[in-house]
Amino acid sequence: MIVCVCKSVSDRTIRASIAEGMDSFDELQFELGVATCCGKCEESVRDVMSQSGVCASRCGVTHAHPVAVPAVQPLMFYERKAA
Ligand code: FES
């Protein structure tokens with residue numbers, strides 16, 4: 001399926017580029033030209049990146065990869081420092 005109509009870039013091309021080591025939106029944009037013309041394909045490109053397992057922090061998609069938040073232990077009264 002064509003993801004970027006302006007540059008005729010398919011999802012297969014994007015996946016192949018990711019498999020070859022491109023792991024950021026900026027790299028895909030630079031190498032393939034996606035989202036450099038009208039820009040309407042940016043979200044679709046980021047979706048393909050997310051589906052390909054590219055880290056959310058690199059692709060800008062934050063909903064696809066839940067981040068484990070360490071549990072914060074409340075300080076006990078004797079661990080608090082006086083201000
Ligand atoms: S559809 Fe990708 S830049 Fe226009």
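This is a predicted model: local features need pLDDT of at least 70, side-chain atom pairs count only at pLDDT 80 or more; totals for chains, interfaces and linings use all residues.
**Entry 1: how two helices cross**

I started with helices α1 and α3, and I noted that their crossing is right-handed. Next I looked up the geometry: α1 and α3 pack with their axes 10 Å apart, at an angle of about 50°. That angle makes α1 oblique to α3.

**Entry 2: who touches whom**

Which residues meet where α1 packs on α3? On the α1 side I listed D11, I14, R15 and I18, and on the α3 side V45, V48, M49 and Q51. I sorted the residues of this contact by kind and got five nonpolar, one polar and two charged.

**Entry 3: salt bridges**

I then searched the whole structure for salt bridges and found two. As a reminder to myself, side chains of opposite charge can pair when their charged atoms come close.

One of the two joins the side chains of D11 and R15, with 3.7 Å from N to O. I count that pair as a salt bridge because the cut-off is 4 Å. Both residues sit in helix α1, which covers residues 11-19, and they are four residues apart, so about one helical turn separates them.

R46 and E42 also meet in a salt bridge through their side chains, here with 2.9 Å from N to O. I looked for this pair in helix α3, residues 42-51, and the spacing is again four residues, or about one helical turn.

**Entry 4: buried or exposed?**

Is D11 buried or exposed? I have it down as buried, because its relative accessible area is 13% and the cut-off for buried is under 20%.

**Entry 5: a second look at D11**

I went back to D11, which has its place in helix α1. What does D11 touch, if I leave out residues up to four places away in sequence? I wrote down M1, V3 and V48.

**Entry 6: after α3**

Last, I checked what comes after α3. The helix is followed by G53, and I noted that the phi of G53 is positive, near 85°.

Notes: Residues are numbered from 1 along each chain as its sequence is written. Side-chain values use heavy atoms; hydrogens and water are left out. Buried means under 20% relative accessible area, exposed over 50%, partly exposed in between (1.4 Å probe, protein chains only). Axes are lines fitted to C-alpha atoms, for helices over the stretch in contact, and angles run from 0 to 180 degrees between N-to-C directions. Angles under 35 degrees count as roughly parallel, over 145 as roughly antiparallel, 65 to 115 as roughly perpendicular and the rest as oblique. A crossing is left-handed if the near helix is turned anticlockwise from the far one by less than a right angle, and right-handed if clockwise. Contact means heavy atoms within 4.5 Å. Ala, Val, Leu, Ile, Met, Phe, Trp, Tyr, Cys and Pro count as nonpolar, Asp, Glu, Lys and Arg as charged, and the others, Gly among them, as polar.
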